[in-house]
Amino acid sequence: MALRWLLHSACHIVGYPSKDSTNIQQGSHAVGYPCKQEINGVIKSTKPITSSVGFQMPLHYPRYSKADYEKMEEWRLDLLLREYGLNFMGTLEDKRSFAMGAFLWPDQY
């Protein structure tokens, strides 16, 4: 019961509207909630804001060793970085060192 009260209070403070709430104010841009906007005293409801589905984080962390990164081709590095949402521009050596820094633990390199 206490957890339910705590979650309800936290959601109320953060500003997530409940079903019976009409307190969506101008500038409310929570994903999936309709945005209401007041223009010259008239409340206008706009379409719900949806998030783009252009990138989804892969479920598995890459399991390459330092030696694998050192001999990896540029196109493969580009593909790996793009898969994790990293758009890195630079030379092949820069990409290799960036990938090793991003995906290897410090004791692995």
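Biologist: Which exposed residues lie on the face of α3 turned away from its buried side?

Modeller: This is a predicted model, in which local features need pLDDT of at least 70 and side-chain atom pairs count only at pLDDT 80 or more, while totals for chains, interfaces and linings use all residues. Residues are numbered from 1 along each chain as its sequence is written, and side-chain values use heavy atoms, leaving out hydrogens and water. Exposed means over 50% relative accessible area, buried under 20%, and partly exposed in between (1.4 Å probe, protein chains only). On the face of α3 turned away from its buried side, the exposed residues are Trp 75 and Arg 82.

Biologist: How wide an arc do the buried residues of α3 cover around the axis?

Modeller: Helix α3 spans residues 74–83, and its buried residues are Leu 77, Leu 80 and Leu 81. The arc is taken from the directions from the helix axis to the C-beta atoms. These residues lie on the same side of α3, because their arc is only 95°.

Biologist: Is Ala 67 buried, partly exposed or exposed?

Modeller: Ala 67 belongs to helix α2, residues 66–71; α2 is also among the elements that cover the buried residues of α3. Since its relative accessibility is 43%, Ala 67 counts as partly exposed.

Biologist: In what order do the elements of the chain run from the N terminus?

Modeller: Helices (H or I, at least four residues) and strands (E, at least two) are DSSP runs, numbered from the N terminus. The chain has four helices and two strands. From the N terminus on, their order is α-β-β-α-α-α.

Conventions. Contact = heavy atoms within 4.5 Å.
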